[in-house]
Amino acid sequence: MEPLTASISPSENDFSACSGCSLCLLPCPVWRQKRDITFTWQGRARALQQGAAKEDLRESIFACAYCGSCDPICPQGIDLRGNMAQLRGNDENNPFAKEICIRIEEALKKPVNPGKKAHTLLVIGDNDQRIEKIRSLLSGKTTVEPASDKGRDIVLAIEAGLEIPEERLEAFINPLKKAKEIIVSNGILKRPLKHLLPGLKVRGLGQVLSSLPQIRSKLKPTDFYIIESRAYNWDLQSMVVYYDKLRRETGAIFNLDLNRIAIPTTATSIQQISGIKGINAAEQVKWLLEGREVKRIVVESVDDGEAFSASVDIPVIHLSDLGEV
Amino acid sequence: MEIPEIKPGHLGPDHVAPDAIPFIKRQQTNPSRWKGDGWDAFVAELEEKGLEIRQGKAAKGIFITDAGGLAYGLPHGAVRAESAEQISQLLKAAQKHKVPVTTRGGGLTTEGESVAFGGVLLDMTGMSRVKKVDKENLTVRTEAGIFWHSLAEELRRYNMDYLSSPLNLTSSVGGTLGVGGVDVNSTRFGCSADQALSVEVVTPTGEIVECSDSVNADLFKRVILGYGQFGVITEATLRIRPYTPLKMHYFYYSSLGNAVKDLVMIDKARACHYSGILTMMDRAITLLVAFDSDNAEQEFMSEWRPKLKGHGEAAFAVNTALYYLLRPWKVREALFLYNRKKELFPDLHPPHHMKDGKILDRTVVFSRAVWKHWGGKQMIIPDVSTNAEKFAEAVEKGNRVCKKYFPHYTLYCVGIRLREDHRDHYEMSCIPPDAEDIAYGCEFEPMLENRIYSRDYLQSFKNEIYDMGVELEGSYYRFGGMMKGYIRRVFGDEVVDKHLEMKKKADPSMILNRDVIF
């Protein structure tokens, strides 16, 4: 089976096409906090054009939040995600490798659970209570079940640019083949799953929940709606249309910048999970709220919700909770 | 071949750049690389003071060229700006050790002005935070390394906007204040440099000084539009205004002369809020007018629209189709125009940036369109600025030069409303000395389209445009760097020597942005 990371399709344009326009800096959360061009794609690309070695770029490469903000904005169409995965994957001193290998090995030790057969499978890394709530919200004409494998190690491996053992990948993918639709909570899985399961519909949890009338109708103009940035930024062309409609209908404020890129909290980034010093999610939350008057924060991702709850007194609610408000 | 070297702080009498006139010997255009005398002692002193200077290949390589992509040079080391105090220490040490310091914001110069040929590259983007948005007094205080786009992003949170900025929004505020900064609303608000109420400057000798029209006014005069010769702008207080979406109208012309006449007419009458001309060669000539309010739009459409010679889109399409039907040998050009329109126009009206026919985010729409449709690793954009009377002639002449060199090109013309109280700022700047009330500028931008042109070919093109500026006794929206040989020709010895003397006094070791102007 084809490695999952290889499914992040390489672009015709690599770093050598960078013209130094600086557009990739504009939405970058790492740039916003560090104000250091060496930590941006422009800095990396220009340095690579000048023959920079791995050692020169290591700190920068592993500081990237992999939020996908820069990718859709590059006017040269450079595949920034793919390039980043390659750079990380090709580094034998990848600081995330050890932790992720342990997780993958642990996952492999578990017996393969074929899971339940259903029209829709949820690849959602939340607690059982939330998954059940989401399941009941989505169950109607079709059957909805949680996937037997949440694929947390796979999400991390993709972000770290590591190859996933074929055995592990098959264990994750095969049960999903039974479904007609896959719903993922971490947008990082959207594109690889679409690639590996071409006949299936793959959508982000936020998009699915916010399209439910009982949830959509409860969004208010004073709500600050936090889109899960990876699901959105990595599929910008279609997502911008969907969320623009949602914004116009509800009047809610969204975590979109002037470029209509979703500003991440970075709470789901590998640095936060691995305990490696990354950017400060609290500072990112502060920036998201700057100049905004909001009464409630509605999140698509539980991790984003936690980042807000830890920093502000404003009520934070998961999108699925709106179904019962 | 003998290429005489230009010494720092000296502008020789022979101002002719390569290929400008046949049979005249070449003169150096890029400065020779600073040889590094005293570098180690300089670095040791900085490190003792706790200043980080990056000397690795990767850190320096980022800054090897600018948006022009014709000038290449590496610094000995790069410093990321962090504070005025840090820059002060850097400049004091640089004066002492005679180390050149080149400042860089967005790096969007096109003649190598932000490329360091040795010495220190001071990356100002490290200082890019907004300090305070004052909605009551309609001002913003910001660090000067911020990009205009990032400033717009923060201002929008407060439902505010800047007044005018360069079309390309990854220009930095500090760099723009030193050069000018023009956009389709410069005819209404003047250039960006005229929006600065006060600035914090680190002088070439390391003093940190706040200056404005009333405090340290002489320094303010020199720093604004001063090409970074008299200090590093570290912070600025700018005028701002409440944010408004804008309604854009396009009128199409087949004659450059008519389009220019109409532009000058509506600007003089202050008939619209935004105006400019954008062309595809001299076949698809578009007069852009835009409005912040419905009333202004209605007034324009009833009073001024009938006076314009431009057509609506449908009439223009019919005229153009007829033109090319009668000239079948120009089918390639027709196809180019058709494809260009098909690609460009949707990007000027993306649905998610529009509401009720108005553009919500012009900062994004225009800047992204510029990079997507005109950007590349080389950007050749010579320009000329003149007074209103000479402007049509400048555009026509420049158009002929473009046609001679390139199959496809764009002309972009806008005006700058002048501030009478800032006359002193305009000496030896992008504002032509004889301009009154409004100055005009035209950028002449070939579309390189992956064709490979020799550096000399591109330089010859630029020289013909620049020569025209001399001939018309105008100026340039961007001068310096590789085209500094034109400075004496266009401004005259008296003015140049006066500024050179001021520079020598302010910067005894001639370290700050050496070779950009002097």
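Which helix gives the most to the lining of the second largest cavity? In this predicted model, the answer is H4(A), with 3 residues.

## The second largest cavity

By the rule applied here, the count comes to 14 cavities of 30 Å³ or more, and the second largest cavity holds about 170 Å³ of space. Its lining is made up of 20 residues, and those that lie nearest its centre are A:Trp41, A:Cys64, A:Tyr66, A:Gly68 and A:Cys70.

Helix H1 (29-34), helix H2 (41-49) and helix H4 (80-89) of chain A each supply at least two residues of this lining, with H4(A) giving the most. Sorted by class, the lining of the second largest cavity contains 14 nonpolar residues, alongside 3 polar and 3 charged ones.

## The largest pocket

The volume of the largest pocket is about 910 Å³. This pocket is lined by 34 residues, of which A:Pro72, A:Leu236, A:Gln237, B:Arg368 and B:Lys372 are the closest to its centre.

Among the elements that contribute to the lining of the largest pocket, helix H13 (236-250) of chain A supplies at least two residues, and so do helix H11 (331-348) and helix H12 (362-374) of chain B. In terms of residue class, the lining of the largest pocket divides into 17 nonpolar, 9 polar and 8 charged residues.

Strand E12 of chain B, which spans residues 284-291, is mostly covered, and 8 of its 8 residues are buried. B:Ala284, B:Thr286, B:Leu288 and B:Ala290 point one way from E12(B), while B:Ile285, B:Leu287, B:Val289 and B:Phe291 point the other way, and all of these residues are buried. Being buried here requires a relative accessible area under 20%.

E12(B) pairs in the antiparallel sense with strand E10 (residues 247-253) of chain B over 7 bridges, and within this pairing B:Met248 has B:Ala290 as its bridge partner. E12(B) also pairs in the antiparallel sense with strand E11 (residues 274-280) of chain B, over 7 bridges, where B:Gly276 stands opposite B:Leu288. E11(B) and E12(B) form a hairpin with 3 residues between them, and B:Met281 in the turn has a positive phi of about 50 degrees.

## The parallel sheet of chain A

In chain A, 4 strands form an open sheet in the order E6-E5-E7-E8, and the pairing is parallel. Strand E6 (253-254) and E8 of chain A are the edge strands of this sheet, because each of them pairs on one side only. E7(A) and E8(A) pair in the parallel sense over 3 bridges, and in this pairing A:Ile297 stands opposite A:Val316 of E8(A).

## Helix H16 of chain A

Which residues of helix H16 (residues 302-309) of chain A are buried? They are A:Asp304, A:Gly305, A:Ala307 and A:Phe308. Because these residues cover an arc of only 160 degrees around the axis, they are on the same side of H16(A).

The cover over the buried residues of H16(A) includes helix H15 (281-289) of chain A, together with strand E5 (223-226), strand E7 (296-299) and strand E8 (316-318) of the chain. Strands E5, E7 and E8 of chain A also belong to the open sheet with the order E6-E5-E7-E8.

Notes
Residues numbered from 1 in each chain as written. Chains lettered and ligands numbered in written order. Predicted model: local features only at pLDDT ≥ 70, side-chain atom pairs only at ≥ 80, totals over all residues. Heavy atoms only, no water. Buried < 20%, exposed > 50% of the residue type's maximum accessible area, 1.4 Å probe, protein only. Pairing = 2+ DSSP bridges. 1 Å grid on protein atoms, 1.4 Å probe; cavity = no way out; pocket = protein on both sides within 12 Å on 5 of 7 lines; lining within 4 Å. Points joined across faces, edges and corners; volume = space filled by probe spheres on them. Nonpolar A, V, L, I, M, F, W, Y, C, P; charged D, E, K, R; others polar. Arc of directions from axis to C-beta. Contact = heavy atoms within 4.5 Å.
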